[in-house]
Amino acid sequence: MAGGFLGKTLAAVSLSVALASVTVKYLGGCSVAACRNSLSSCRFHVNSNMMSGFNGTKHSHNKARTSPYPGSKVQRSQVPNDKVGWFVEWRDYNPVEYTAVSVLAGPRWADPQISESNFSPKFNEKDGQVERKSQNGLYEVENGRPRNPAGRTGLVGRGLLGRWGPNHAADPIITRWKRDRSGNKITHPTSGKNILQFVAIKRKDCGEWAIPGGMVDPGEKISATLKREFGEEALNSLQKSSAEKRELQDKLHRLFSQEHLVIYKGYVDDPRNTDNAWMETEAVNYHDETGEIMDNLTLEAGDDAGKVKWMDISDKLKLYASHAQFIKLVAEKRGAHWSEDSETGCPG
């Protein structure tokens with residue numbers, strides 16, 4: 001009994017320390033004074049990285065508790081804000097069990113069921129080619145199942161996610177400055193800051209606009225995933241001829257080999273998350289300062305994307321999962337327009 005309690009405590013401390021370090025990393029150089037003068041912006045950094053699931057505040061994950069579950073009519077058990085954190089006792093918690101038929105069919109990207117005798121996953125470590133480490137530190141495993149580090153979701157199983165525990169994705173945020181016909185940068189009339197644009201796709205599964213990202217294949221480097229997913233979803237690379245693919249790869253290499261900003265690494269508030277499976281991502285910004293690289297690439301929706309376009313960045317954006325938060329960080333880092341409220345944002 002004492003050993004079990006100690007294990008839970010150590011896991012909680014380890015995860016809290018890891019998340020705290022991420023929070024410091026992504027404050028983007030804001031001084032304490034700057035944060036005091038810009039509470040709305042700097043509070044976002046803390047909440048988005050710590051996820052607040054441990055103390056069950058109103059900032060706890062929200063999209064991970066929505067119903068019906070994507071692609072189904074399954075209703076999650078309702079989880080109030082003050083019951084999200086695992087360390088809040090809730091003896092009557094009775095989550096719904098659900099794993100999609102498409103996952104249970106056993107595609108190559110999915111794990112078997114925990115109950116299968118030949119399946120012995122190594123959680124919190126590299127398991128063959130499958131990365132089961134969380135970018136936020138250690139997570140707890142209870143009764144053979146990993147537990148969502150951000151708290152309760154009202155649903156157990158894997159839902160639409162293939163892996164038990166963290167499901168790793170990569171989100172390439174491709175940006176350029178909005179320009180007029182003469183090639184001059186366009187500034188926002190209220191904030192006076194230059195307007196930044198990013199490549200957005202409209203997801204086929206839910207119809208929401210999003211960053212053109214996707215899942216990291218086993219053994220694949222994040223850098224390769226970023227380039228591959230952008231090519232497949234925003235440039236329709238899967239439908240190109242061999243010659244077109246070679247030409248496209250040369251152009252993509254130029255874009256993805258330049259300096260870039262890692263905007264975020266860690267847990268994502270995603271509607272597909274469950275108590276036992278969750279999304280994590282690495283969001284990376286590749287910026288085309290002159291616009292010359294992207295001028296030579298024709299946007300064309302492909303794979304999971306229904307549409308693709310350049311979208312102006314502002315606080316008016318309504319995007320999938322936590323994508324709007326990632327875009328906000330890009331705007332701050334690039335010193336671009338985000339809000340008409342000049343008080344918001346720390347200097348990037």
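Is glutamate 300 buried, partly exposed or exposed? Select glutamate 300 and colour by accessibility: at 34% relative accessibility, this residue counts as partly exposed. Here buried means under 20% relative accessible area and exposed over 50%, with partly exposed in between (1.4 Å probe, protein chains only).

Before moving on, keep in mind that this is a predicted model, in which local features need pLDDT of at least 70 and side-chain atom pairs count only at pLDDT 80 or more, while totals for chains, interfaces and linings use all residues. Residues are numbered from 1 along each chain as its sequence is written, and side-chain values use heavy atoms, with hydrogens and water left out.

**Stop 1: salt bridges**

Element names follow DSSP runs, numbered from the N terminus: helices are H or I with at least four residues, strands are E with at least two. Lysine 240 is partly exposed too, at 23% relative accessibility.

Next, select lysine 178 and aspartate 312. Their side chains meet in a salt bridge at 2.7 Å, N to O. Again distant parts of the chain are linked, 134 residues apart: lysine 178 belongs to the loop between β7 (165–177) and β8 (196–203), whereas aspartate 312 is in strand β13 (residues 305–312). Lysine 178 is partly exposed, with a relative accessible area of 24%, and aspartate 312 is partly exposed at 30%.

Now pick aspartate 315 and lysine 316, whose salt bridge has its closest N and O atoms 3.4 Å apart. Aspartate 315 is partly exposed at 32% relative accessibility, while lysine 316 is exposed at 55%. For a network, select Asp217, Glu220, Arg228, Glu229 and Glu232, which are joined by salt bridges that share partners. The count for the model comes to 18 salt bridges.

**Stop 2: helix α6**

Select α6 and look along its length. The helix has 15 residues and reaches 20 Å from its first C-alpha to its last, close to the 21 Å expected at 1.5 Å a residue; the expected span is 1.5 Å times one less than the number of residues. Show the side chains of Leu248, Leu252, Leu255 and Phe256, the buried residues of α6. Turn the view down the axis: these buried residues fall within an arc of 75°, so they line one face of the helix. That arc is taken from the directions from the helix axis to the C-beta atoms. What do the buried residues of α6 pack against? Display β7, α5, β12 and α7 to see their packing partners. On the other side of α6, Arg246 and Asp250 are exposed.

**Stop 3: two loop residues**

Go to arginine 272, in the loop between β11 (261–267) and β12 (277–288). Arginine 272 is buried, with a relative accessible area of 15%. Leaving aside neighbours within four places in sequence, its contacts (heavy atoms within 4.5 Å) include Tyr69, Arg76, Arg158, Met279 and Tyr320.

Finish at glycine 144, in the loop between β4 (141–142) and β5 (145–146). Glycine 144 is partly exposed at 35% relative accessibility. Not counting residues up to four places away in sequence, glycine 144 touches Ile114 and Phe123.

Technical notes
Salt bridge = Lys/Arg side-chain N within 4 Å of Asp/Glu carboxyl O.
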